[in-house]
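Please keep the sequence and the coordinates at hand while reading.

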Amino acid sequence: MAKGYWVSAYRTISDPEKLAAYDKLAAPAVRAGGGRVLSRGARVVAHDAGIAGRTILIEFDSFEQAVAAHESEAYQEALAALSDGVERDFRIIEGLD
């Protein structure tokens, strides 16, 4: 079964306090959903139209598990805390078998 991944690239962080509140709630929500943080990139080299900002990569055992974790009540609470504190590009992608 193909794994699932959350890929989140932060364009701007306008409210570090909201981001900190999100981080406190998101970490346990991700773990409860079966996610494993592979990278919380402080060091990023961007190419083409990329932005060298905070980038997060989280792995799940399946694409369906990744989608379900995002839709979970716990993660939705984390998103509410984040609100408009950042601008980011968030994607859920399916890995290769």
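How many aromatic pairs does the count come to? The rule is that rings of Phe, Tyr and Trp (its six-membered ring) pair if their centres lie within 6.5 Å, with planes under 30 degrees apart counted as stacked, over 60 as edge-to-face and the rest as tilted. By this rule there are four aromatic pairs. One of them joins W6 and Y75, a tilted pair with 4.7 Å from centre to centre and 55° between the planes. This pair connects distant parts of the chain, since W6 belongs to strand β1 (residues 4-13) and Y75 to helix α3 (residues 73-82), 69 residues apart. Helices (H or I, at least four residues) and strands (E, at least two) are DSSP runs, numbered from the N terminus.

The model is predicted: local features need pLDDT of at least 70, side-chain atom pairs count only at pLDDT 80 or more, and totals for chains, interfaces and linings use all residues. Residues are numbered from 1 along each chain as its sequence is written, and side-chain values use heavy atoms, with hydrogens and water left out.

Y22 is buried, with a relative accessible area of 6%. Ring pairs link W6, Y22, F60, Y75 and F90 into a cluster.

Helix α3 also meets another helix. Two packed helices are described by the angle between their axes and the distance between the axes. The axes of helix α2 (residues 63-71) and α3 come within 5 Å and cross at roughly 55°, where axes are lines fitted to C-alpha atoms, for helices over the stretch in contact, and angles run from 0 to 180 degrees between N-to-C directions. The two helices are therefore oblique to each other (under 35 degrees is roughly parallel, over 145 roughly antiparallel, 65 to 115 roughly perpendicular, and the rest oblique). A69, H70 and E71 of α2 make the contact (heavy atoms within 4.5 Å) with E73, Y75, Q76 and L79 of α3.

Conventions. Buried < 20%, exposed > 50% of the residue type's maximum accessible area, 1.4 Å probe, protein only.
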